[in-house]
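Student: I would like to go through this model and check each label against its cut-off. Can we start with the structure itself?

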Amino acid sequence: METMDEVEAYRRALTRERRAREEAERLLEVKAGELYAAKTRLSRLNEELERTVEERTHRLEEAHLKLRTLIKNLPFAVMVEDGQRRIALCNGEFCSLFGVPGDPDDLIGTDCTQTGEYVKGLFAEPEHFLERVEELLEQQEPFLGERIELADGRVLERAFIPVSSSGSMGHTWLYRDITEAEEAAQELEQARRVAESANEEKSKFLAMMSHELRTPLSVVVGAAELLDTMVTDSEQARLLRLLRGNADSILHQITELLEYAKLEAGETRVSEGVFDPVVLVEDVVESLGTIAIDKGLEIFADVDLALPLGVVGDAQRLRQLLVNLVMNAVKFTERGTISVRAKAVHADEDTTNIRYEVADTGPGIAPEEQAKIFGRFYRVEEARRVPGTGLGLSICSGLAEMMGGGISVESELGRGSTFVLECPHRVNATGPREEHRPTRNALAGLTLAVLGVSEANRGPVRRLFEGLGARVLMHPPGRLDSDWLDGLEVIDGLLYDPDGVMVAESVLTNVLRAHEQTTSVPWVRVYGMRPLDAAQRAVLGSAEQVGKPLRSSAVAAAVRRAVGRGEANALGSDALQSSVLSGPGRSLTVLLVEDDPDNRAVLEHQIHAMGLDVDIAVDGRMAIDKARRSTYALVITDIGMPVVDGFAFARAFRELEARFQRPRTPIIALSAHLQAQHVRRCEEAGIDTYLTKPCPVSVLRETIERWVPSKPAVLVVDDAPDLRAITGMRLSRAGVVDVAFASSGEEALEVMTTQPIGLVLLDMSLPGISGPETASRILARPAWRRVPIVGMSGDATTEGQQCARDAGCIDFLVKPVTERMLRTLLEQQGLARTAT
Ligand code: ADP
């Protein structure tokens, strides 16, 4: 039994063992399979790895080759060291720079720590060279642009760049031969210094010469200007025109040279003052208007009357700049129009940027020339036929820059050019001291018909009138259109430019006269070259006239006077046009203080020619003496005089005025060399305005007109138009410039409210209010009580004369009134001085 159990146990144990073995065999089989799969994967990975390594090695070799090729071909010397300072790479340039014979590859492996001996002969300061190498190696920072001198005089530039190589730091050294570049830079610097000092010398020389030449030239120009008013022979006049034209041109060019020299030498300063931008632009246009109109060009100022009344800036420089641009426009333009515009491009309460434009219809400038013309001495080839220096625009651009602005040109060949100046200004709400701009509502509520304004002028004229508050009915361009006249609504006034209507003025006048509407409407006539004289005005029946180029103040004043709103010359000097200075009732004396005899002679003549008396003082001390004893309508003084100069004299003059409680007399200063600091001193000394010598007679006249109080006119009252015209003509011939007309007593009273009248010539037999009645009414007004009235009549009886005297007439003339009678009358009235 026991044996059976044992056998059974043994059998079970055998079975367990067999199963365990079977299980182990199966596991072994599985593992063997896995092992096989892993081995296969491994060998695949291995293959891939080998491929990658091969590829990378290939790429590395390629990159290395490229680097070597690059380094070998670099135009500067390169040497790469490994971490043990053995040469790993260098190029041919390195060998040739340091005089190493053979192939650069022969140097590979060279120990750089052992090259001390070689280095000693190579560098100008070998010790320093070696020290620097040690320093750089220690710092391990890139260092570029180090200058090294060789013993043979060459100069190298070195760069040191540490690079990490095989776990240790290697280094790249770069060298470049800069000997030639350095020499060139030194030569250039030397040349620049020489040029600078030559330029300074040149500027000094230019300034001196220009100044020296300007003084005598100003005498030539002034004398020629005077001669022009005296010469009657046409050949002499032609020669004189030639002389004047050329003298003006030389003077202009010399002035440009002087200006340029001053700019170059940094002597040009901009000063600050308050000015009215509208007036400034209109002044520029007016001062060059005659030249443009003489050349057959249209010129006008197209300014925005909404611009601030006062802005801060250097009015004189700005004027100079604009004058330059307008002069160019006139010079280069053969036909068409020049417009000078001003408008605000950016404005807030305190500042305004004004865009000034000078546009012409001249030849235009090719795009490739446009940037060059602002360079000095540059002139476009085709422009060389007209005189010039090529400096104008470069001066303009210098001045613009100084004023904080910029200048540019927009132009197309064959279509004209527009020069644009943009300038920032601070706003000064109170405006300048003198008021020359009409108010924005000067013509408010008026409807005006405008006739004969040229195509180009239509826009600006409309803007001008609308800017003054008027409504404009514009006649279509071209021939006079009677349908337009017939369709005209009720108007307050008619402004016409006979040049633009393309019919003879007499025809135009007749048409207008015949026209129901316009006969009762006041006309204002625009003229280009010359105003009509009194007689012509009387014949044409147009009461007011205004000269081109139109300026807002003159237009506003003329229209206001025409429509009966005028106030005695309140809108500026233009109101009385050229008549301000001479005429009856005037005996104005100017004190002229000038030490230079030539200048004195020219100025004396010029002022005399304006119908003024001149009292001369040859220096400031004499001027003070004279001022103590007499009063003057105006003082014109030089600045630079020995002993008592213009400033000191002006101060003394103002003190005298205060001491004797005299009214303030205007003082105009004249100087050949007005500098920024002088302008301030002028103001401090009580000088009202200043002019630069040489001063064209037109500018002198304009300035004197502005400062001398206006003068009254002679009023002719006669119902017969022909007699009116003839009397007017005779008065003109007798030297009276400003004559007013009235055809009835009522009209006479009306005229006197609009214009200062110094003498009335009154027909005694007028329809409506009679002559004696008119005289009584005039004299009844306190303001007119002192106006002398002279009766005129065909009735030579004593009763007639007595009647006139009873009415308050101071004298009586029997018709026909001859020129001689008028001259005698003017003489008796103390007005004969102007009756030449
Ligand atoms: P200048 O007038 O003395 O020649 P500028 O410096 O004033 O010198 O002008 C340089 C050049 O620019 C002129 O020579 C001319 O070729 C050109 N230029 C200037 N203004 C005008 C213009 N309004 N129309 C055409 N070309 C002009």
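**Labels and their cut-offs**

Tutor: Leaving aside neighbours within four places in sequence, Asp283 is in contact with Arg319, Arg551, Glu702 and Arg706. Contact means heavy atoms within 4.5 Å. This is a predicted model: local features need pLDDT of at least 70, side-chain atom pairs count only at pLDDT 80 or more, and totals for chains, interfaces and linings use all residues. Residues are numbered from 1 along each chain as its sequence is written, and side-chain values use heavy atoms, with hydrogens and water left out.

Student: Why is Asp283 called buried?

Tutor: Its relative accessibility is 4%. Buried means under 20% relative accessible area, exposed over 50%, partly exposed in between (1.4 Å probe, protein chains only). Therefore Asp283 counts as buried. Asp283 lies in helix α7 (residues 277-294). Helices (H or I, at least four residues) and strands (E, at least two) are DSSP runs, numbered from the N terminus.

Student: What makes Arg551 and Asp283 a salt bridge?

Tutor: A salt bridge is a side-chain nitrogen of Lys or Arg within 4 Å of a carboxyl oxygen of Asp or Glu. The closest N and O atoms of Arg551 and Asp283 are 2.9 Å apart. The pair qualifies as a salt bridge. The pair links distant parts of the chain: Arg551 sits in the loop between β17 and α16, Asp283 in helix α7, 268 residues apart. Arg551 has 4% relative accessibility, so Arg551 counts as buried.

Student: Which other residue in helix α7 does Arg551 pair with?

Tutor: Glu282. The closest N and O atoms of Arg551 and Glu282 are 3.8 Å apart, and the pair forms a salt bridge. Arg551 lies in the loop between β17 and α16 and Glu282 in helix α7, so this pair ties together parts 269 residues apart in sequence. Both Arg551 and Glu282 are buried. Glu282, Asp283, Glu286, Arg319 and Arg551 are linked in a network of salt bridges. The structure holds 43 salt bridges.

Student: How do you know that Glu422 and Arg355 form a salt bridge?

Tutor: Their closest N and O atoms are 3.6 Å apart, and the pair is a salt bridge. The pair links strand β12 (residues 416-427), which holds Glu422, to strand β10 (residues 351-360), which holds Arg355, 67 residues apart. At 32% relative accessibility, Glu422 counts as partly exposed. Arg355 has a relative accessible area of 17%, so Arg355 is buried.

Student: What makes Glu93, Asp177, Glu180, Glu183 and Glu187 a patch of negative charge?

Tutor: Patches are made of residues with over 30% relative accessible area and no salt bridge: like charges are joined within 9 Å, nonpolar side chains (Val, Leu, Ile, Met, Phe, Trp, Tyr) within 5 Å. Those five residues gather in such a patch on the surface. Helix α5 (residues 179-230) gives the most to the negative patch, with three residues. Glu187 lies in helix α5. At 57% relative accessibility, Glu187 counts as exposed.

Student: What sets the backbone of Arg85 and Gln140 apart?

Tutor: Most residues other than glycine have a negative phi, and most peptide bonds are trans. Phi of Arg85 is near 60°, a positive value. Phi of Gln140 is near 55°, also positive. Arg85 is found in the loop between β1 (77-81) and β2 (87-90). Gln140 lies in the loop between α4 (126-139) and β3 (143-149).

Student: Where is a cis peptide bond?

Tutor: A cis bond joins Lys548 and Pro549, with omega about -10°. Pro549 lies in the loop between β17 (544-547) and α16 (552-562).

Notes. Areas by Shrake-Rupley, 256 points an atom, 1.4 Å probe, with all protein chains shown as cover. Lys, Arg positive; Asp, Glu negative; His and termini not counted. Charge placed at Lys NZ, Arg CZ, Asp CG, Glu CD.
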